[in-house]
Amino acid sequence: MTESSEPHPLDRVNEAAATAPDAHRELLRLLAVVDAFRGGQGCAWYEEQTHHSLVPYLQEESAELIDAIESGTASDIREELGDVLFQVLFHADIAADFDLEDVARDQADKLLRRNPHVFGPTPTRDIDEIIRLWHEAKAVEKANRTSVLDGVAFGMPALALAQKVLGKAAAVPVTVTPATLESADTDAIGDALLALAAAAHEAGVDAEAALRDATRRLAERVRAAEKIREATTN
């Protein structure tokens with residue numbers, strides 16, 4: 001077996017760490033680790049991955065970070081942030097049409113545009129004004145959108161998606177009659193949702209899929225109402 005002329009992946013990582021400036025040494029070491037997964041002595045599985053194949057891992061790591069934030073320790077949060085960061089670096093590394101510099105540039109530009117209360121000519125710390133300016137800046141970016149649902153991530157968890165679409169639907173307006181509850185506090189609503197999940201489980205129904213399907217039907221009603229409104233106003 002012929003030995004590879006490429007340096008060993010660990011040597012590449014150690015060299016990157018040794019030459020990195022102190023301020024960002026560990027971040028640059030991590031970038032070198034990610035880069036070392038490619039190449040003759042890298043990871044064949046890593047090189048076969050696509051953005052699509054990595055979706056389950058991104059979902060799982062994001063869920064684990066949320067769990068750590070809600071019920072874990074600072075150490076747990078730190079670890080899960082690292083896992084999510086790796087997912088970001090992984091996607092940037094395998095991309096064919098952009099790299100991490102492009103991702104960072106676009107994000108920095110977006111933050112500068114959307115936060116004129118910090119980076120604009122008239123900074124403010126008034127919360128109401130901050131929210132107003134943010135919405136104004138975002139509206140300029142999204143001026144070509146034709147529906148209140150444009151930009152909604154339908155891949156988010158079903159319950160979060162339902163609340164997002166319900167919030168958007170109110171602007172059309174398309175409404176859904178709320179369930180009748182003896183109390184509308186957090187515990188009562190949580191118990192009602194849990195009871196519905198139990199009923200779905202008993203019936204052999206995927207509660208996540210059922211709610212997602214219902215939300216998509218609501219989205220179809222929203223888009224239909226928008227078309228009617230557009231036809232009557234033109």
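Q: Which residues of helix 11 are buried?
A: R212, T215, L218, A219, V222 and E226 are buried in helix 11. Buried means under 20% relative accessible area, exposed over 50%, and partly exposed in between (1.4 Å probe, protein chains only). Helices here are DSSP runs (H or I, at least four residues), numbered from the N terminus. This is a predicted model: local features need pLDDT of at least 70, side-chain atom pairs count only at pLDDT 80 or more, and totals for chains, interfaces and linings use all residues. Residues are numbered from 1 along each chain as its sequence is written, and side-chain values use heavy atoms, with hydrogens and water left out.

Q: Why is R212 called buried?
A: Its relative accessible area is 17%. The cut-off is under 20%, so R212 counts as buried.

Q: What makes E208 and R212 a salt bridge?
A: The closest N and O atoms of E208 and R212 are 3.1 Å apart. A salt bridge needs a side-chain nitrogen of Lys or Arg within 4 Å of a carboxyl oxygen of Asp or Glu, so the pair qualifies. Both residues lie in helix 11, four residues apart, about one turn of the helix. E208 is partly exposed, at 38% relative accessible area.

Q: How do you know that the span of helix 11 agrees with its length in residues?
A: The expected span is 1.5 Å times one less than the number of residues. For the 27 residues of helix 11 (residues 207–233) that gives 39 Å, and the end C-alpha atoms are 39 Å apart, so the two agree.

Q: What makes up the largest nonpolar core?
A: Eleven residues do: L149, V152, F154, L161, V165, A169, V172, V174, L218, A219 and V222. Helix 9 and helix 11 are the elements that give two or more residues to this core. A nonpolar core is a set of buried Ala, Val, Leu, Ile, Met, Phe, Trp, Tyr and Cys residues joined through side-chain atoms within 4.5 Å.

Q: Why is K168 called partly exposed?
A: K168 has a relative accessible area of 31%. K168 is in helix 9. Not counting residues up to four places away in sequence, K168 touches V148, L149 and V152 (contact: heavy atoms within 4.5 Å).

Q: What makes D93 and R38 a salt bridge?
A: Their side chains meet at 3.1 Å, N to O. The limit is 4 Å, so the pair counts. The two are 55 residues apart, with D93 in helix 5 (residues 74–94) and R38 in the loop between helix 2 (25–36) and helix 3 (44–48).
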